[in-house]
Amino acid sequence: MPTLTDMVFGNSILDWVLGGLVTIVSLVVLPLLKKYLLKRLRRLATRTKTDTDDLLVEVLGSTRGFAFLVFALFMGISMLTIPDSALRMIHHAFMILLFLQGALWGNAAIAFLQSKYTRQEEGKDPPATAAVRTLAAVARIIVWGLAGLLALDNLGLNVTGLVAGLGIGGIAV
């Protein structure tokens, strides 16, 4: 009969159980924490006149379930002894998904600011509203392009040629 100290793929059964528990607890706690923070921030947002807390509500609300899943798996895997090559791959995947979530947060912030401006200027200045829509689209392209460049760089690809190819923007970076 196996015991908790028996080794499976270089880890004891106890390590596997602890890693699984950490993953499961993280999968339960993280969405609950998001829900709690959103509830508190929404309550705060109704009592203040600034838009900063409204922006935080929108950005936090755009946090996707895959981010929780990836973070929970990363926390569970960190309890295990894993070969360096596999750990590097897991780290790359974690970072790429973190960049994806960051781009989603940036997209939510841009959408919030765009809708705030268009609500304020509704019907007053159509050319300005169209310009804001265009700037928001450009900002989204920049956010997603930056996330893509960071992901490629994280994978070890040399992105300096890509950044230099952007022209003056490449020099600024």
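In the predicted model described here, the axes of helix 4 (residues 84–120) and helix 5 (residues 126–154) cross at roughly 170 degrees and come within 9 Å. The contact of helix 4 with helix 5 comprises, by class, 18 nonpolar residues, eight polar residues and two charged residues.

Because Asp51 is located in the loop between helix 1 and helix 2 (52–61), whereas Lys116 belongs to helix 4, the pair ties together parts that are 65 residues apart in sequence. Both partners fall in the range between buried and exposed, which runs from 20% to 50% relative accessible area: Asp51 is partly exposed, at a relative accessible area of 29%, and Lys116 is likewise partly exposed, at 24%.

A nonpolar patch is found on the surface, where Ile24, Val25, Val28, Val29, Leu32, Leu33, Tyr36 and Leu37 together contribute about 720 Å² of accessible area. Of these residues, Tyr36 has its place in helix 1 (residues 13–47), and a relative accessible area of 47% makes Tyr36 partly exposed. Gly76 itself is found in helix 3 (residues 65–77) and, with a relative accessible area of 4%, is buried.

Leu18, which has its place in helix 1, is partly exposed, with a relative accessible area of 35%; the C-alpha atom of Leu18 is separated by 17 Å from that of Val70, the two residues being 52 residues apart along the chain. Ala109, by contrast, lies in helix 4 and has a relative accessible area of 19%, and since residues under 20% are classed as buried, Ala109 is therefore buried. Between the C-alpha atoms of Ala109 and Val22 the distance in space is 31 Å, and in sequence these two residues are 87 residues apart.

Definitions and conventions. Residues numbered from 1 in each chain as written. Predicted model: local features only at pLDDT ≥ 70, side-chain atom pairs only at ≥ 80, totals over all residues. Heavy atoms only, no water. Axes fitted to C-alpha atoms, helices over the stretch in contact; angles between N-to-C directions. Helix = DSSP H or I, 4+ residues; strand = E, 2+ residues; numbered from the N terminus. Nonpolar A, V, L, I, M, F, W, Y, C, P; charged D, E, K, R; others polar. Patch = residues over 30% accessible without salt bridge, like charges linked within 9 Å, V, L, I, M, F, W, Y side chains within 5 Å. Areas by Shrake-Rupley, 256 points an atom, 1.4 Å probe, with all protein chains shown as cover. Salt bridge = Lys/Arg side-chain N within 4 Å of Asp/Glu carboxyl O. Buried < 20%, exposed > 50% of the residue type's maximum accessible area, 1.4 Å probe, protein only.
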